Amino acid sequence: MKSNLKTQFTNISSMSGFPSGEAGYELGVSACYAGFIGDYLVVAGGCNFPEPGKKKYYSSIYAAKVTGNEETLQWEMIGNLPEPAAYGGVVASGDSLILVGGCNTEHSLRTVLSIHLDQENGKPILKSLPDLPCTVDNMGVCLLDTRLFVVGGNQDGRPSASVLTMEIGKDEKWTPETELIGEPRVQPVCAAYNGELFVWGGFYENGKSSIVATSGLRYQLMSKSWTSLPAPVNLQGKELTLTGATAILEVSAKGNAQIVCAGGVNREIFWDAISGTYSMVAKTDYLKKDISWYKFNNSLLIYNLKTEQWEIPSPENALLARAGAQVALRGHTLYYMGGELKPGLRSPGIVKVDLR
């Protein structure tokens with residue numbers, strides 16, 4: 001399947017300013033929680049390696065007011081999560097962000113939190129929602145109206161193909177919805193629109209039988225049936241995995257919907273490592289290669305829900321070549337934050353992407 005390269009290139013630019021409240025956070029983090037609450041971009045948690053070989057998880061909550069014209073974000077540390085956390089999921093719901101699961105050095109989480117900002121002092125107000133039926137981390141999370149989905153990931157410490165769901169503000173009870181077709185998917189991306197759930201990427205670590213998925217799946221809620229979807233491809237027509245990537249639904253004023261994706265690991269290099277093969281580099285040297293060697297995805301990818309085809313609306317851009325980044329959408333502007341430049345090395349970069 002060939003890519004559709006639009007003639008109008010998307011504007012991609014780097015911004016200055018990264019949160020810096022806890023020692024080490026200014027180095028950049030991956031797998032944080034982030035999203036917009038009104039005019040405020042909110043970032044919480046995440047992890048990095050301030051010392052080689054020692055992963056640190058963070059609990060701080062930061063906020064920066066966004067007008068859309070600034071080149072530098074001014075951050076304020078406004079509070080803390082109940083405990084350090086990363087590798088969970090986050091969705092924007094009304095005037096709140098909902099933080100789902102995750103993990104830290106001690107354990108994986110089953111907690112679900114709602115965060116909104118106090119109108120008088122701008123401080124975060126945290127509310128507990130019903131716990132997940134199991135601990136979940138490294139999953140996909142998305143929202144369809146008031147229906148929250150948790151897709152795959154590690155559930156109770158094991159790679160899972162399970163899809164869990166809960167109606168926010170209604171019964172607020174977690175129930176198993178379905179199972180993904182095929183193997184479990186850890187670190188997939190997902191989005192939901194018009195009664196359908198979309199899933200791409202994810203990996204399953206199982207020695208030489210390990211899988212790094214490129215293909216996608218579509219689940220229709222009414223019929224409770226799955227169909228296969230094409231894999232995204234780069235400008236050369238090669239299939240890409242969205243493992244460790246980001247995905248977010250964007251809907252125009254005219255109701256046209258698309259799923260915007262960025263980042264992710266290189267399928268062959270990642271499989272070579274998780275399978276224990278190490279045919280491309282010795283295991284002892286895996287973390288020592290230059291950033292470019294890891295070949296993280298550097299294309300902005302858009303799945304058009306009307307044409308059911310992948311599009312690449314911009315040239316390849318090294319600013320997007322990250323895994324474990326987080327994304328937030330305000331209007332038609334995407335904010336792409338943090339992530340790792342290569343295994344063990346985080347980025348403090350924030351990239352603004354204009355989708356119109």
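How many of the 6 residues of strand β18 are buried? The count is 5, and the strand, residues 162-167, is mostly covered. This is a predicted model.

## Strand β18 and its partners

Strand β18 pairs with β15 and with β19. Strand β15, residues 147-151, runs antiparallel to β18, and 5 bridges join the two. Within that pairing, F149 has T165 of β18 as its bridge partner. Strand β19, residues 175-179, also pairs with β18 in the antiparallel sense, here over 4 bridges. There, V163 stands opposite T178 of β19.

The loop between β14 (140-144) and β15 holds D145. D145 has a positive phi of about 60 degrees, although it is not a glycine. D145 counts as exposed because its relative accessibility is 69%, and exposed means over 50%.

Q187 also has a positive phi, of about 60 degrees, and is not a glycine. Q187 sits in strand β20, residues 186-193. Its relative accessibility of 23% makes Q187 partly exposed.

## The open sheet β9 to β12

Which strands stand at the edges of the open sheet? The sheet has 4 strands, in the order β9-β10-β11-β12, with antiparallel pairing. β9 (89-93) and β12 (124-129) stand at the edges; each has a single partner strand, so one side of each is left without a neighbour in the sheet. Neighbouring strands are turned by 25 degrees against each other on average, direction ignored.

Strand β11, residues 112-117, is joined to β12 by 6 bridges, and the two run antiparallel. L117 stands opposite P124 of β12. Both residues are also contacts of I78.

I78 lies in strand β8, residues 76-80. With a relative accessible area of 9%, I78 is buried, because that value falls under 20%. What does I78 touch beyond four places in sequence? The contacts are I61, Y62, A63, L117, G122, K123 and P124. I78 and P124 are 46 residues apart along the chain, yet their C-alpha atoms are separated by 6.7 Å.

S60 belongs to strand β7, residues 60-65. Its relative accessible area is 0%, so S60 is buried. The side chains of S60 and Y62 make a polar contact of 3.4 Å. Leaving aside neighbours within four places in sequence, S60 is in contact with E22, V43, A44, G45, M77, G79 and N80.

Y62 touches I78. Its side chain meets that of S60. Ring pairs also link Y62 with F18, Y25 and Y58 into a cluster.

## Aromatic pairs

How many aromatic pairs does a search of the whole structure find? The search finds 16.

| Pair | Centre to centre | Angle between planes |
|---|---|---|
| Y278 and Y286 | 5.9 Å | 75 degrees |
| W293 and Y294 | 5.0 Å | 90 degrees |

Both angles are over 60 degrees, so each pair counts as edge-to-face. Y278 counts as partly exposed, at 22% relative accessibility. Y286 has a relative accessible area of 14% and is buried. In the other pair, Y294 is buried at 1%.

## Helix α1

Which residues of helix α1 are buried? The helix covers residues 267-274, and I269, F270, D272, A273 and I274 are buried. An α-helix has 3.6 residues a turn, so residues three or four places apart point the same way. The buried residues of α1 pack against β21 (196-204) and β22 (211-212).

Each end of α1 has a feature of its own. At the start, a side-chain oxygen of N266 reaches to within 3.1 Å of the backbone nitrogen of E268. Just after the helix, G276 takes a positive phi of about 80 degrees.

Conventions
Residues are numbered from 1 along each chain as its sequence is written. This is a predicted model: local features need pLDDT of at least 70, side-chain atom pairs count only at pLDDT 80 or more; totals for chains, interfaces and linings use all residues. Side-chain values use heavy atoms; hydrogens and water are left out. Rings of Phe, Tyr and Trp (its six-membered ring) pair if their centres lie within 6.5 Å; planes under 30 degrees apart count as stacked, over 60 as edge-to-face and the rest as tilted. Buried means under 20% relative accessible area, exposed over 50%, partly exposed in between (1.4 Å probe, protein chains only). Two strands pair if DSSP finds at least two bridges between them. Axes are lines fitted to C-alpha atoms, for helices over the stretch in contact, and angles run from 0 to 180 degrees between N-to-C directions. Contact means heavy atoms within 4.5 Å. A polar contact is a pair of N or O atoms within 3.5 Å; within protein, one must be able to donate a hydrogen and the other to accept it, and residues adjacent in sequence count only if both atoms are side-chain atoms.
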